[in-house]
Every structure is written in structure tokens, then in C-alpha cells.
Amino acid sequence: MRTQVAIIGAGPAGLLLSHLLAQGGVSSVVLETRSEEYVAARIRAGILEHSSVELLASVGLGSRLRAEGDEHRGIYLQWPGERHHLDFVDLAGRSVWVYGQTEVQKDLIAARRADDQEIHYEVSDVSLHDLADSPYVTYTDKDGQSQRLDAAFVAGCDGSFGPSRASIPSPKVHEKVYPYSWFGILADVAPSTDELIYAWHPDGFALHSMRSATVSRLYLQVPNGTDPQSWSDDRIWDELATRLGHGQNGWKLNPGPITDKSVLPMRSYVQTPMRHGNLFLAGDAAHIVPPTGAKGLNLAIADVALLSKALIAQVKEKNPTLADAYSDDAQRRVWRCTHFSWWMTTMLHTSGDPFDAELQLSQLRWVAGSRAGATGLAENYAGLPLGY
Ligand code: FAD
Ligand code: PHB
């Protein structure tokens, strides 16, 4: 088999890249270890920043998002006794959208299918070869047959566990592991809030998010290694009620049936460069952020917006300028989002140290009380323009 770009991974980065390449007249083949059903059902991120929505809409992926997604002007930031609304539209001129990654993934799968995109699901033994010269990828297809895919370029969109990142020789790796995790639940109950609540609490951080008018998504800070099955539903709702301020100023948290429980460890990870010869990394394959800034999915989208342009210029015009600049260009935004995600995480999660707690509360009061502080958060959360 031969194609112009071999894409490893059918997550949001891989499928959006194949979509953008197709629009620019560049062919690709996508390889994915999981099944299509598994990829479409994975519960992950929930917030699209302004530029992600604009990009998706500009390439024909915005109609269900606009019809079924929910536009939010901002978020609530709170600590015991106080809740403040930060209006991003007022502060930074940009909104965000609540639209689950599962829905983005379904839209991408439908669009690629409508275009007859070749996607091979349930492959194994994916291995990258001769990346400096004439790249090819070998793998075992779902019927157990060995296959070889030759390509001018390989895009490593295979997340943090795929083989692409390890194919870059002697990378520089920056990593920070946080001493806490998120316990996430999905519940069949109407959200108790119109916009997301990010709550600092002495017992630990809590977040009230949502997926629709009837489905809520909530998170609790828990120690690393927590077993989600060891918490009863009552204990989860009690803890959420305490940390989110049930009863304060008449606000109530509505509990409901929990349909999913998972624990997500938190880390920051950046690998550079994002290119080796004809291999380019995008999304979680190159970087991971803790979810407190809602940046992981948005960063994957921003990477492939840059990478698609670079590969189209290379393939169609033999112009290497954008490809040569890709790693440095992408890293500017990666480090901005890495800093923002670290800052939100360390401002909102308790460490048990009373000195840290006072600093966090002072920072929260400043962010919520000063237009300059609030604008900084709003600009970063609602997202910088593509190409930043
Ligand atoms: P992925 O979505 O990871 O896609 C990579 C794809 O590559 C996967 O489909 C994988 O199966 C495939 N793959 C792996 N190995 C191979 C191989 N050898 N060959 C072929 N294919 C392979 N972000 C937030 O902002 N908020 C959240 O709440 C949030 N929750 C998350 C929960 C979890 C459990 C995880 C893992 C991530 C979460 N994220 C969250 C981050 C966000 O979902 C990611 O940043 C986003 O999915 C990145 O997209 P991607 O396409 O780069 O990677
Ligand atoms: C989510 O809805 O899953 C979500 C929202 C905001 C975040 C992280 C996750 O910061």
C-alpha cells in the first residue's frame, strides 16, 4: 500500500488531520489499534475553545456542534463562601463551547466515512521504519495479515502510549507528575449550574461540568492510586456537595444515577522536537497537560491545524518552509497551554500545606477581583488565536 501521509492513531488529532489533508488534496491512510466503537465511545474532554470551534466549523464539522453543543460565556471560580463568575466574552471577546470529545470523534468518523477515507481499525504491531529517507509503517491487520504501508510522511497521532514518540531519537523530555488524580463521574441528571464551576476547597478541588441538559460530568481531587469502585455513589455525591458548596446562598447540587466512574492521573509532559526526518508528532503523542485548563483536545486540534498546512505545502508545492518551522511553531502554543494548565492545577488543588493554601486563596481573590487577573485567565481559557 502507498499513500502520501500515513497517520498513526484515529483519535481527534489523527482523524482531523486526515480531514484537513483531504480538503487540501493530500491522501492519507489511518491506522488505529482500537475498534471504531471503542474510539467513538471514550469519555474524555468536554470543552472546545473558540478557535477550535471556528476551525471545525470552517471545514464542515460545525453543524451538530452548533445545534447540540452549548455556548458558555465563562466559568465560575469559587472557594468556601464565595462564587465569582468570569465572563470571557466580556473580558477577552471569546466564548467556549461544551461539546464532548465523544461527539467530536463521532462527527469526524462520519465525515471521514462520507469521504471514503481509508481507516484500518484493530491493527497491532505498528512499527515505523526509515523515517529519515523513505518511510514505511508495518503492522498486522485485524485478520492477522502482515501489512506494509509506504508514505512520503508519517504523522504520529497515537497519543501518549503509541510508538511514534519513541521513534524520535534523543528527544528532550520535560515532565511533571502531580501528587493527586481526578475522580470523574458521568451522571444522568440535569446540571445544577448554567456554566462550569471550578472550586477550591480545603478537602480538595472539585469541578462541576456537563455534557448536555440531562447529563452532568463532575470531578473530585483524590489521592493517586484511588480505586473508583471503592467509593459508594452516596460518598461521591456527599463529597461533591461539600466541596461545591451545596446550601451556600441557596445553591443546591442535584444528585442522580452515576453511569461512569474513572480515575485520571495528572501530569504535564512535553517532548521536543516534534519532528524527526519525515515523522511529525501531533497531540498527546508529543504533549500531555493536566485537565484543569481544558486544553488537551484543543491543543491536539491546534497542532493538526499547523501540521496539515505544512504537509499540504510539502506535498503539493514541494515547499518545506512550514514543515521546517512546525516543531517550533507548535511548541509556542504547547508551552503557553502547559503553563496555563499547570497554573490552574496548582492554584486549585490542595497540597495539605497551610502556606500553599493561603497563597492559593490570595491568588484566587486576585484573579476573581481584578480585571487584569480575570482577563489573563479568560484569554488563556477561551484560547489564543490559531497560529499563536
Ligand atoms: P488520543 O485521543 O489519545 O488518540 C490517539 C489514538 O491513537 C487513540 O485512538 C489510540 O487508540 C491510538 N493508538 C495508540 N497506540 C497506537 C498504535 N500503536 N497504533 C495505532 N494507533 C494507536 N482533556 C481534557 O481537556 N479534559 C478531560 O477531561 C480529559 N480527560 C481525559 C481522560 C483520559 C482517560 C485521557 C487519556 C485523556 C483526557 N484528556 C482530557 C485529554 C484529551 O482527551 C486528549 O488531549 C486528546 O484525546 C488528544 O487527542 P489525540 O488524538 O492527540 O490523542
Ligand atoms: C469535562 O467536561 O470533562 C471537563 C471540563 C473542563 C475541564 C476538564 C474536563 O477543565
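Analyst: **Salt bridges, pair by pair**

Asp-87 is buried, with a relative accessible area of 18% (buried means under 20%, exposed over 50%, partly exposed in between; 1.4 Å probe, protein chains only). This is a predicted model: local features need pLDDT of at least 70, side-chain atom pairs count only at pLDDT 80 or more, and totals for chains, interfaces and linings use all residues. Residues are numbered from 1 along each chain as its sequence is written, chains are lettered from A and ligands numbered from 1 in the order written, and side-chain values use heavy atoms, without hydrogens or water.

Arg-73 is partly exposed, at 41%. Asp-87 and Arg-73 form a salt bridge, with their closest N and O atoms 2.8 Å apart (a side-chain nitrogen of Lys or Arg within 4 Å of a carboxyl oxygen of Asp or Glu). Asp-87 lies in strand β6 and Arg-73 in the loop between β4 and β5, so the pair ties together parts 14 residues apart in sequence. Helices (H or I, at least four residues) and strands (E, at least two) are DSSP runs, numbered from the N terminus.

Shared partners join Arg-64, Glu-68, Glu-103, Lys-106 and Asp-107 into one network. Within it, Glu-68 meets Arg-64 at 3.0 Å, N to O. Both lie in helix α4, four residues apart, about one turn. Glu-68 is exposed at 52%; Arg-64 is partly exposed at 24%.

The count comes to 15 salt bridges. One of them pairs Lys-295 with Glu-49 at 2.5 Å, N to O. Lys-295 sits in the loop between β19 and α8, and Glu-49 in the loop between β3 and α3, so this pair ties together parts 246 residues apart in sequence. Lys-295 and Glu-49 are both buried.
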